[in-house]
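Please work through each task before reading its solution.

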Amino acid sequence: NRGKGEIPEQPPMKKPAAPLPVNLRALTLGFATTVIQVLMIRELTTVFQGNELMMSWTLGIWMLLTGAGTWLGRKGAQGRTGALLLLIAWLPVAGVILPDMGRSLLFPAGELVNPFWFMAVVLFSLTPVCLLSGYTFAWLIARSGTQERSFVRVYTLESLGSVIGGLVVSFLLVQWFSILQS
């Protein structure tokens, strides 16, 4: 029997889920970015009937934008990587749809695309993924600790994730699925 002015008992608060450790986040980042990179390069090559020159432009733009994302991450490495990693995981859908839509909407069928327009579509398609992955990498380094070896640990785990992602794409996705299915 409660009296007047008594505060009713509150149910116990749930503990928030423990965040993923930096090591697992670095591994996931490497895995996701490699899988995305390979699948997007395959899609861009198919959509634009590309050759080695177009692939090298795509890789160059990828590296430039990822470096820009890392620079931005160093300037403001605050926030949560969980949301960034989730966003990175869903961006390939846009990365596969945008080049195909851009090709069919902007350029007549069967016509070779001017290299300027190819680079513009690549830049537009890759910017979200590359900026976010670079930003997340800088964030992980900032959160990994102040020890001198923390950078080495994050870089090593991100590279290991990239190797695993490359193996998954090479031996699973590419072998059994067409470009749009993978």
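**Exercise 1.** Determine how the lining of the largest cavity divides into nonpolar, polar and charged residues.

*Solution.* Step 1: the lining consists of I41, L44, T45, F48, G50, N51, M54, M55, T58 and F118. Step 2: Ala, Val, Leu, Ile, Met, Phe, Trp, Tyr, Cys and Pro count as nonpolar, Asp, Glu, Lys and Arg as charged, and the others, Gly among them, as polar. Step 3: the division is therefore six nonpolar, four polar and no charged. Step 4: α1 and α2 are the elements giving two or more residues to this lining.

The model is predicted: local features need pLDDT of at least 70, side-chain atom pairs count only at pLDDT 80 or more, and totals for chains, interfaces and linings use all residues. Residues are numbered from 1 along each chain as its sequence is written, and side-chain values use heavy atoms, with hydrogens and water left out.

**Exercise 2.** Describe the lining of the largest pocket by residue class and by element.

*Solution.* Step 1: on a 1 Å grid over the protein atoms alone, a pocket is an open set of points with protein on both sides within 12 Å along at least five of seven lines, whereas in a cavity a 1.4 Å probe fits but cannot get out; lining residues have an atom within 4 Å of a point. Step 2: of the 14 lining residues, T33, W62, T66, E158 and S162 lie nearest the pocket's centre. Step 3: the classes are four nonpolar, nine polar and one charged. Step 4: α1 (22-47), α2 (52-75), α4 (115-143) and α5 each supply at least two residues; helices are DSSP runs (H or I, at least four residues), numbered from the N terminus.

**Exercise 3.** Classify the aromatic pair of F137 and Y155.

*Solution.* Step 1: the whole structure holds three aromatic pairs, defined by ring centres within 6.5 Å (planes under 30 degrees apart are stacked, over 60 edge-to-face, the rest tilted). Step 2: the centres of F137 and Y155 are 6.4 Å apart and the planes stand at 75°, so this pair is edge-to-face. Step 3: the pair links F137 in helix α4 to Y155 in helix α5, 18 residues apart.

Conventions. Phe/Tyr/Trp six-rings, centres within 6.5 Å; stacked < 30°, edge-to-face > 60°.
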